[in-house]
Amino acid sequence: MTDSVKHEAILSCKNVSFRYSSGPWILKNVSLDIQKGERLGLVGPSGYGKSTLSRLLAGYDAPTEGQILWKGGKLPQKGFCPVQMIYQHPEKALDPRWRLKRSVSEGWQPDEELLKKLNINSRLWFDRYPNELSGGELQRFCIARVLAPQTEFIIADEMSTMLDALTQAQIWNVLLDEVKRRDLGLLVITHNKSLAEKLCTRIVDLRDINNAADRP
Ligand SMILES: Nc1ncnc2c1ncn2[C@@H]1O[C@H](COP(=O)(O)OP(=O)(O)OP(=O)(O)O)[C@@H](O)[C@H]1O
Ligand SMILES: [Mg+2]
């Protein structure tokens, strides 16, 4: 394998700029390559566009200018997206009208071992609606849900902010174990620099790569 192939980015943004309709530029000329096997921490002050960038990387929004590349091409437009997000507020990821069992990806059920590691009581929970679980329980469910076999890259956007310290440590252990075991890509967005240093192989401050002059 040549060096250039070995180091090809799995997920990247090339000269990406973004604004919400006619609002100010949130991101301007942002370029970032995430290499295979890398666990990247993205930090920066509130309102600088971390979540905005993560939505572009996951394909939920399109850049106003520039390109997002998944393995050098486009993210698949149909079917299961290999880039999956875990949000700060887990209810964002779920349809409130669906019982949890319907929100698990079609044709896939988390195995008992994973459910046990995340302390998920599927027998009790899967018949409930999202508003019938606590925030922490729902977040653990969302973590199991993104660990589908087709997932190749996980973006965790402030995923543990709402949890107590012990639960935070437990779920990060489970997620990190899975990421390492399955060689998944990981982007961690956090305000907690020591957490990012513990989890990640590289940390990028959005202020250092974002050239938006009129950002908040
Ligand atoms: N749907 C939207 N429409 C208009 N402006 C938006 C929208 N979503 C976010 N913004 C604005 O874009 C800017 C960047 O927001 P974003 O959520 O990406 O920041 P962030 O770095 O994730 O902040 P935090 O650390 O507080 O989560 C903010 O000024 C925000 O008000
Ligand atoms: Mg955010």
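**Close-up views of a predicted model**

View 1. N15 is found in strand 1, which covers residues 9-19. The model shown here and in the other views is a predicted one. Have a look at the backbone of N15: phi is positive, at about 50°, although the residue is not a glycine.

**View 2. N119, another asparagine with a positive phi.** This one sits in a loop, the stretch between helix 4 (112-117) and helix 5. The phi of N119 is near 55°, again a positive value in a residue other than glycine. Is N119 buried or exposed? With 57% relative accessibility, N119 counts as exposed.

**View 3. F18 and Y20, an edge-to-face pair.** The structure holds two aromatic pairs, and F18 with Y20 is one of them.

View 4. Which parts of the chain does the pair bring together? F126 belongs to the loop between helix 5 (122-125) and helix 6 (135-146), and F141 to helix 6 itself, so the pair ties together parts that are 15 residues apart in sequence. Both F126 and F141 are buried.

**View 5. Strand 3, tucked inside.** Strand 3 runs over residues 39-43, and five of its five residues are buried, so the strand is largely enclosed by the rest of the structure. In a regular strand the side chains alternate between the two faces of the sheet. You can follow that pattern here: R39, G41 and V43 point one way, L40 and L42 the other. Residues on either side of the strand are buried.

**View 6. Strand 3 and its two partners.** Which strands pair with strand 3? One is strand 7 (residues 185-189), which runs parallel to strand 3 and is joined to it over four bridges. In that pairing, L40 stands opposite L187. The other is strand 8 (residues 202-205), also parallel and also with four bridges. On that side, V43 has D205 as its bridge partner.

**View 7. Ligand 1 and its shell.** Around ligand 1 there are 13 residues, and those that come nearest are S46, G47, K50, T52 and H191. By class, the shell has five nonpolar, six polar and two charged residues. Which element gives the most to this shell? That is helix 2 (residues 50-57), with four residues.

**View 8. Oxygen atoms of ligand 1 up close.** For Y48, a backbone N or O atom lies 3.3 Å from an oxygen atom of ligand 1. For G49, again through a backbone N or O atom, the distance to a ligand oxygen is 3.0 Å. With K50 the side chain takes over: one of its N or O atoms is 2.7 Å from an oxygen atom of ligand 1. As for cover, ligand 1 taken alone exposes 640 Å², and the protein buries 59% of that.

View 9. Six of the eight residues of helix 2 are buried, so the helix is largely enclosed by the rest of the structure. Which ones are they? The buried residues are K50, T52, L53, S54, L56 and L57. T52 lies in this helix and counts as buried at 9% relative accessibility. Just after the helix, G59 takes a positive phi of about 85°.

Terms used: Residues numbered from 1 in each chain as written. Chains lettered and ligands numbered in written order. Predicted model: local features only at pLDDT ≥ 70, side-chain atom pairs only at ≥ 80, totals over all residues. Heavy atoms only, no water. Buried < 20%, exposed > 50% of the residue type's maximum accessible area, 1.4 Å probe, protein only. Helix = DSSP H or I, 4+ residues; strand = E, 2+ residues; numbered from the N terminus. Pairing = 2+ DSSP bridges. Near = heavy atom within 4 Å. Polar contact = N/O pair within 3.5 Å; in protein donor to acceptor, adjacent residues only side chain to side chain. Areas by Shrake-Rupley, 256 points an atom, 1.4 Å probe, with all protein chains shown as cover. Nonpolar A, V, L, I, M, F, W, Y, C, P; charged D, E, K, R; others polar. Phe/Tyr/Trp six-rings, centres within 6.5 Å; stacked < 30°, edge-to-face > 60°.
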